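The following note sets out numbered points for a colleague to read beside the coordinates.

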Number of protein chains: 2
Amino acid sequence: MSAEKTERQLAVATIADLLDGRWAQRRRHTRDLCTDLDLVSLPGQPYPEHRARVLTSLQKLADLGEVQRAFPAALGGADDPGGNIAGFEELIVADPSLQIKAGVQWGLFGAAVLHLGTEHNHTEFLPDIMSLAVPGAFAMTETGHGSDVASIATTATYDPDAQEFVIHTPYRAAWKDYLGNAALHGTAAVVFAQLITRGVNHGVHAFYVPIRDASAERDDSGAHPMLPGVTSQDDGHKGGLNGIDNGRLAFDHVRVPRTNMLDRYGSVAVDGEYSSPIASPGRRFFTMLSTLVQGRVSLDGASTGVAKMALAIAWRYAEERRQFTGADPEVETVLADYGTHRRRLLPLLARTYAAQFLHNDLLERFHGIFSGEHDTDEDRQDLETLAAAAKPLSTWLALETLQTAREACGGQGFLSENRLVGLRADWDVYATFEGDNTVLLQLVGKRLLTDYGRSTAKMDVAGQARWVAERAGDMALHRTPLRRASQSIRDWGSRARSAEELRDPAVQRELLEDRVETMVEEIALRMRPSLKGTAAERAAAFDADQAELVEAARAHGELLRWESFTAALAEVRDPDTAKVLRWLRDLFALTTIEKNLAWYLVNGRLSAQRARTVTSYVERLLLRLRPHALELVEAFGYGPEHLRAEIATGVEAERQAEAMAYVRRQRATGEAPISEKHLPAVTDGSTGPKVAQPV
Amino acid sequence: MSAEKTERQLAVATIADLLDGRWAQRRRHTRDLCTDLDLVSLPGQPYPEHRARVLTSLQKLADLGEVQRAFPAALGGADDPGGNIAGFEELIVADPSLQIKAGVQWGLFGAAVLHLGTEHNHTEFLPDIMSLAVPGAFAMTETGHGSDVASIATTATYDPDAQEFVIHTPYRAAWKDYLGNAALHGTAAVVFAQLITRGVNHGVHAFYVPIRDASAERDDSGAHPMLPGVTSQDDGHKGGLNGIDNGRLAFDHVRVPRTNMLDRYGSVAVDGEYSSPIASPGRRFFTMLSTLVQGRVSLDGASTGVAKMALAIAWRYAEERRQFTGADPEVETVLADYGTHRRRLLPLLARTYAAQFLHNDLLERFHGIFSGEHDTDEDRQDLETLAAAAKPLSTWLALETLQTAREACGGQGFLSENRLVGLRADWDVYATFEGDNTVLLQLVGKRLLTDYGRSTAKMDVAGQARWVAERAGDMALHRTPLRRASQSIRDWGSRARSAEELRDPAVQRELLEDRVETMVEEIALRMRPSLKGTAAERAAAFDADQAELVEAARAHGELLRWESFTAALAEVRDPDTAKVLRWLRDLFALTTIEKNLAWYLVNGRLSAQRARTVTSYVERLLLRLRPHALELVEAFGYGPEHLRAEIATGVEAERQAEAMAYVRRQRATGEAPISEKHLPAVTDGSTGPKVAQPV
């Protein structure tokens, strides 16, 4: 380690508390629990064995009472939704397959019973779910319908004579697909289906459906036999998460009792009469789906967590690994001292901090709603939008960080013993499950457009006309800087003064906020004329703006991250620590602006001169942060025992020390050979001569 | 498939010929060979079995005479370096592990003997290498030294009494690492070591070293016992390419005969006297390394190939998969008709075409040199620079395309049966092996700086001073558009006229070329003052510009791609095909410019108004290319039998057809339930009422 460059001056414990947030204790408890060798992944283990192993680990978690905190205290839970998620997120330390299998069991299968069912459902089904006596699948997605849940084709038709629902899969595209626990271990499933009674389709509802006969012997693969009418097909090997037995399910007129319907938001009386506390089918559908937001919330936290792990591994290695000599011809340079290396890793470090602070805010909100502390329709909508913005950004952040970290560690990064590739493989699917990232950002974009529509709708007609004329009638506004006069003066001033200004949080906020607002406004204005067009014209106009709408949603998410980071800064008392964290926040803001520099230039928000300042200030921040980066990753709280990466144990520093000692010893004893380069050249050049011999 | 949108009008065979290039026949032959079930990967196969399987496949290739074309005809080869590489690249169709294991055996181990050895080495070693009687490792990289080959620490010390070299690993960091065939199958290795004779270190040379006793029984893992003094350690499970037994090797004073030195560029006489046809140790080192350029050339081609496979899979699925309804509420929209989907995939299609055309040019050059047709020092340097620019760009393109394709296929993309995730996992390491991508781009950047230095060095002193004053003394040049007057007029003209101009190849070339030249010039000017500073100042100045130098090298690579694409266009006669390929070339140019839009704006090369035109022209091109995209991926020549991806077989179209037929049948028979949404609402809203019943 280059002691002269790496300083120890930050209040690491304070930063760790800030990062770990309200449920820090549960996070740390679970992290440590995950060092249990019964729970951790074994790289290269064949997937049938990995699946069996994860099932055993899951049982251990259940037996230890680690995974039931979200459930009602009356049934042995703790009524602690926030603490439950915080702990759940940390299970990745052991094995992401373990986390996701736990998520399938308690976060999806169990949570569906909890949130979509009523007391009789809870009493009947939850105890066995909580104890893992009944492993179950969450059967929502179909081969033919993923993100478009409203269009699933499985049906649940009520038969009043038998007082049963008939669950049926009408064609191949309607098979339930990608379901954890479906290929082998599940003995029941919560099945989402179009509820049909008295000839009317009341839309998607959920039903508790036994799928395997738990009383019969398991076969070699660990599966009980299927119940009559239920077919299962193994999804087989996957890109990652191979500790989970994903599979498909099809139902051929499978009957379940009327009371197996999860009936909080809709129920069918004995005679087949449908009733619901929510009259609008659309609102009812979205309310039901909104209860499942915890999946997205927890993936956001887990993704931020894995980005932290990747940075902890890669930066530790960057501080120890040496390659090529620099100013000193005798000592090779550590990777952390290379500009390209800092450029690759430190902006991701800043973004990961920002993502963690946003996640902490998201989790607090989630807890507020699901604990019932403040649970209104508006709260739920806000939470959904927030989760829909956070989850895509953090899952992509995780993938980018894992990949960058892996490349930054070279060949070492490719070995499974250094953990990065396994985590990367597991993380792959996070970008498309629990809502495809692009589709989620489109939802956020639509919400931004709706909010924008509402705010303009409040103006009177004259005001609106004036407002539209000012904005849409002439693009000049967007072509000139908002504050042109002052900026052009600043631009010709010193770079220091410009950098000074970019450090101002108010300036950062304005730049980030302005971009979201302007993009949304422009899309709204472009779409307006087409609203009077044909369906095809409307669809074409809507489609044409989707890429930009997704971009606006992403910008919105980055703004939220910035706000959470900035709010967190206010809690740091130690001045050195506060200063370094401010640099890190600035780095996040400036690299976000830099990434979108073209937008700021095209839209006249930054002059060319000031745009150059953005990059030079970023470079300055990277240099300033360099000596503190090790402490900043240490504050994540993942030690070698959690990371389980050979290169994050100090082994590289030992190897370097051994090599240097060898060279020193050789020199001291005079045993080192002379380099040919240091001999006087006595050669005639190109015709195959002998080269100089030592004199 | 949406027949109304997908047109069949391109001369697909012509495009295929253009893409497959000079060795089209060998490419197609190998592709078809790779449908042999003995050769193909089996997803989820445990890695010990996968390793054994790939060894068997390798033997089959050797027995078929498929992999020896690069070797001398006298020894049973074909003296056909270009055709050999073209075929080799296509082995990925079967299994990238098979390709890379073949690459280790014949492209590294065998090629080192061929290119670094002389006739006695060839006669002695090549026949067994070619037949795979001796599987071998290419022992260059050490745990402590990857890209910095000159600093490896393994020594080969000549002992004149015994007429032997003593190969020795002085410490742990000097263990050879990541070597294919080292963990199990290799019975020999070409070991790179510092050659020491008569007390002088003559730098890195290569030695043929037996490592396992092939005459003794294999153990359970398939390995013969190690020879005395040689230690092997398994690298274990990896992020991909698990059909290859990568491992480490250490040597404890292992002796080999003097004649085991590969002595083309340096030899040691019986008495220990060193001689070399190249006097300068630096030039000698680089000449030796330059013979290994074929690794980078072939990875460039293989990476372009895998990007083609990924696009063929994802676009086929995009044409069949439907999700959400659009203008027509009865028919769901195919993914290919979504703007976001086109934005994700079509720019990658354009870049992949460009990369393939550049690769074809690269391979022609490679063949010219290694067949001896035109082999000068300058040719070799150019080839090295070209390969160093192409390989990073195409390996990253492959990773980005595989990942984008996988996400674009949603959950299907994550299943191994659809191939993308397995290829992605295998491809991971391509970004850092055969030269870390970032380090390679730094080499390209240095070459650009050198060339720039040479061109300025030719000026006389007065000219140079004037030139520097013009450029460095005032940044005003870079702040104003190069052709400001004309552009500002155009900017206020119609968008159509601007788009017209961006279509002009001369304008595209200027924009791409100008960026490379200006970036290099700016870096050179910034570095100049520091050249007079201390070593530390020089190192700091150099380091400060590395990120930008890498960016300049990348821009250089994109320019080369554009030039190859444009040159290839000239060969297309069919006017419709030429038109569509021109759109594709334009899309490549414009998305490249769009990615770097900030640079063009900051440096005054594009006005804000014209910058907006770039994006709107891109959008127009995406719409135009949409109907032709299927034919453009079909021209890659990878059919379902090569892709082995379930979703690229038409199965999704069948499922969609079945679902639509079901719905139509239900409607026709009047069996379809009425949707609750279509009933008159008779409800009092929020207090839990019954909803409407059918009348």
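Helices (H or I, at least four residues) and strands (E, at least two) are DSSP runs, numbered from the N terminus. This is a predicted model, in which local features need pLDDT of at least 70, side-chain atom pairs count only at pLDDT 80 or more, and totals for chains, interfaces and linings use all residues. Residues are numbered from 1 along each chain as written, chains are lettered from A, and side-chain values use heavy atoms, without hydrogens or water.

1. Helix H9 of chain B covers residues 339–370. Its 32 residues reach 46 Å from first to last C-alpha, close to the 46 Å expected (1.5 Å times one less than the number of residues). Of these residues, 27 are buried (under 20% relative accessible area, 1.4 Å probe, protein chains only; exposed is over 50%, partly exposed in between). Just after H9(B), Gly372(B) has a positive phi of about 85°.

2. The whole structure holds 30 aromatic pairs over all chains (Phe, Tyr and six-membered Trp rings with centres within 6.5 Å; planes under 30 degrees apart are stacked, over 60 edge-to-face, the rest tilted). Trp599(A) and Tyr600(A) are edge-to-face, because their planes stand at 85°, with centres 5.2 Å apart. Both residues are buried.

3. Tyr158(B) and Phe165(B) form a tilted pair, with 5.2 Å between centres and 55° between planes. Tyr158(B) is buried at 6% relative accessible area, and Phe165(B) is buried at 0%.

4. In chain A, ring pairs join Tyr353(A), Phe357(A), Phe565(A) and Phe636(A) into a cluster.
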